[in-house]
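Me: Can you walk me through this one? I'll ask as I go.

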Amino acid sequence: MKKFLGLTFVVTLFAAVSAQAVVIHWAVSCPNPEEGVSAQLVYVATGQPPTYTATGTPPIPGNGANIGAVVSGLAVSPAGIGRQSSVDTETRTQGSYYIVLFNSDKSQFKYSTESLAYSDTDAITREILAPATGTFDPACGFTAWANVPEPGSLALLALGMATLALRRKKRV
Amino acid sequence: MKKILTVTLALAAVGWAQGAMAPITGSNEVGFSTVPATAGATQIITVPYVACLSENAEVMLADLVSTNGLVSHASDPSNADQLIVMVDISGDLRYYYYWLQSDVGWTGVETSVMHPDGTTSSVTPTAANAFAVARGKGFWLKRAATGGNAVYVKGEVSGTTPVTPAITTGLNLVGYGTAAAVNINDVTWSGANGGNGNTKTSDAIMVVESDGSLSHYYYFTAPDGWPAAYQELNGKWIKEDYSVANVTVPAGQGFWYLRRSAN
């Protein structure tokens, strides 16, 4: 009975902890960012870099999820992007967070070459009794700009692939 | 007749004695503040008062929070209000836990601490009635689920203001040492660190909201040559979107102060 009670307590405690949202602190201390740049924190379960399949406002990664709001305006200062606190309400047991930058019309993106593990305890916090003092900051470590595919070109690509597959099937 | 005369004389004597006595007066002013603290949530409390009838004396933790509005329990700490105090033991920050035991008062909880080498040791808190808390220092109040949404702090209004709690590099639990609500941008913060303009390098204040989340505010100093929009924020606490923080902290409520480094 005592063992059962102990187990119940542990399970309850685990459920209480795992159900909690986490706060991820991030910044980009890269001076003089390009005009109109905005930023978004992104979670990818595989830990691989985010990929985009269609534009949106904001663009949504095909292999992950946006965390928090897009950061723009005065927060993108001459000294880079100030410290942000983005809340992830999902319980993560794997994967990583990336910072994605978008150009002014969000037609291009680039992502941080460094990622933040879901289990990091320096920049991610789970409780207010022990707030995180660290910050995930890739500084100027970002990939080159790449185009966010537009829905129109994606549809053409899909049509081309389907035609190719059909022709191969006919030959066989 | 003789009896009436005696009584009259006695009354006259009392009246004369009262008239001759100097009135007892004092400058002591007792303070009592209501602090919002939601049931089932955790809030930072700070006591802007000093110990009654002992100006400048240290206030003991057990005397700070009024029992009015608090939840006690005979045997179960999880069903009682709890005080959590951060202590610095040789540079190692730890928490002391106390719970409100019925007919006993704030009772310390022995906790276990795991060290980097995997070993554990137990931590026995200092008795609450011997734990001195300086004015302006903060501590946590974890409300029981059955509690109300407010608690009360009490003491004597200090004749010496302002308070200057020591703020060290890293996390500090502090509060404003006066018995009035205060907007963080109406306070003179001498020595606050604005960093290089990127709030990652600035001192931060974290205030507990009613839903249990923390709101972050950063001290900003505009570097020379930055656009006018940033110069307007110079010397102010700002939000993460670089707008001015309009935050009023109730009397008796504390906050986290994250000190980056000395200027």
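Me: What joins S2(B) to strand S11 of chain B?
Reply: Five bridges do, and the two strands run antiparallel. Strands pair if DSSP finds at least two bridges between them. Strands are DSSP runs (E, at least two residues), numbered from the N terminus. S11 covers residues 138-142. B:Thr46 stands opposite B:Gly138.

Me: Where do the numbers come from?
Reply: This is a predicted model: local features need pLDDT of at least 70, side-chain atom pairs count only at pLDDT 80 or more, and totals for chains, interfaces and linings use all residues. Residues are numbered from 1 along each chain as its sequence is written, chains are lettered from A and ligands numbered from 1 in the order written, and side-chain values use heavy atoms, leaving out hydrogens and water.

Me: What order do the strands of the open sheet have?
Reply: S2-S11-S5-S6-S7 in chain B, with antiparallel pairing. S2 and S7 are the edge strands, each pairing on one side only.

Me: And how many residues lie between S6(B) and S7(B)?
Reply: Three, and the two strands form a hairpin. B:Asp103 in the turn has a positive phi of about 65°. B:Gln101 has B:Gly105 as its bridge partner.

Me: New topic. How many residues does each chain give to the contact?
Reply: Chain B gives 28 residues and chain A gives 23. Contact means heavy atoms within 4.5 Å.

Me: Which side chains meet in a salt bridge there?
Reply: A:Asp137 and B:Lys200, at 2.8 Å, N to O. The rule wants a side-chain nitrogen of Lys or Arg within 4 Å of a carboxyl oxygen of Asp or Glu. It finds one salt bridge across this interface.

Conventions
Helix = DSSP H or I, 4+ residues; strand = E, 2+ residues; numbered from the N terminus.
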